[in-house]
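Here is a short report on one chain. It covers the packing, the helix pairs and the backbone exceptions.

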Amino acid sequence: MSGINDFIDNEVKTNDVVLFMKGTPQFPQCGFSGQVVQILDYLGVPYKGVNVLADDALRNGIKEYSNWPTIPQLYVKGEFIGGCDIIREMFQSEELQQHMNEAGVPVKAA
């Protein structure tokens, strides 16, 4: 399991914004992943999508890594932000945009 943990840790630490999701940003495989992709795309945030469906060890490993039971999971500058519901609420209250700006991640002006 340490190999998958190292992989996850590396992805989280080497990408400013990384989304562990079901499917890819171009082809989300679940509605919750799709919603987070739409929010990130709307904000114009550059991010990396990691498809957890490609590997069972990754799908289980990310849940252990974050101690969070659901996917998708969004990380910004190494910090776990949350899943779909949290991201949607943060986006609607503009807290997500503010968090991205404070983290130095460029956000497209509304």
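Where is Pro72 found? Pro72 sits in the loop between helix 3 (56–66) and strand 3. Helices (H or I, at least four residues) and strands (E, at least two) are DSSP runs, numbered from the N terminus.

This is a predicted model: local features need pLDDT of at least 70, side-chain atom pairs count only at pLDDT 80 or more, and totals for chains, interfaces and linings use all residues. Residues are numbered from 1 along each chain as its sequence is written, and side-chain values use heavy atoms, with hydrogens and water left out.

**Backbone exceptions**

Most residues other than glycine have a negative phi, and most peptide bonds are trans. A cis peptide bond joins Ile71 and Pro72, with omega about 15 degrees. Two residues other than glycine have a positive phi: Asn67 and Glu94.

Buried means under 20% relative accessible area, exposed over 50%, and partly exposed in between (1.4 Å probe, protein chains only).

**Nonpolar cores**

A nonpolar core is a set of buried Ala, Val, Leu, Ile, Met, Phe, Trp, Tyr and Cys residues joined through side-chain atoms within 4.5 Å. The largest one has 20 residues. Val17, Leu19, Leu40, Val45, Leu74, Leu96 and Met100 have the most contacts inside it. At least two core residues come from each of strand 1 (17–21), helix 2 (31–43), strand 3 (73–76), helix 4 (84–92) and helix 5 (95–102). Helix 2 gives the largest share, five residues. Apart from this core lies another, of eleven residues, including Phe20, Val50, Leu58 and Ile71.

Contact means heavy atoms within 4.5 Å. Not counting residues up to four places away in sequence, Leu40 touches Leu19, Val45, Tyr47, Leu74 and Met100. Leu96 lies in helix 5. Leu96 counts as buried, at 0% relative accessibility. Leaving aside neighbours within four places in sequence, Leu96 is in contact with Ile39, Leu43, Leu74, Ile87, Met90 and Phe91. Leu96 and Leu40 are 56 residues apart in sequence and 9.7 Å apart in space, C-alpha to C-alpha.

**Helix pairs**

Two packed helices are described by the angle between their axes and the distance between the axes. Axes are lines fitted to C-alpha atoms, for helices over the stretch in contact, and angles run from 0 to 180 degrees between N-to-C directions.

The axes of helix 2 and helix 4 come within 9 Å and cross at roughly 30 degrees. That makes helix 2 roughly parallel to helix 4 (angles under 35 degrees). In helix 2, Phe32, Gln35, Val36, Ile39, Tyr42 and Leu43 meet Cys84, Ile87, Arg88 and Phe91 in helix 4. By class, this contact has eight nonpolar, one polar and one charged residues. Ala, Val, Leu, Ile, Met, Phe, Trp, Tyr, Cys and Pro count as nonpolar, Asp, Glu, Lys and Arg as charged, and the others, Gly among them, as polar.

The axes of helix 1 (residues 2–14) and helix 3 come within 9 Å and cross at roughly 65 degrees. That makes helix 1 roughly perpendicular to helix 3 (65 to 115 degrees). Helix 1 supplies Ile4, Asn5, Phe7, Ile8, Asp9 and Val12 to the contact, and helix 3 supplies Ala57, Leu58, Gly61, Ile62 and Tyr65.

Definitions and conventions. Parallel < 35°, antiparallel > 145°, perpendicular 65-115°, else oblique.
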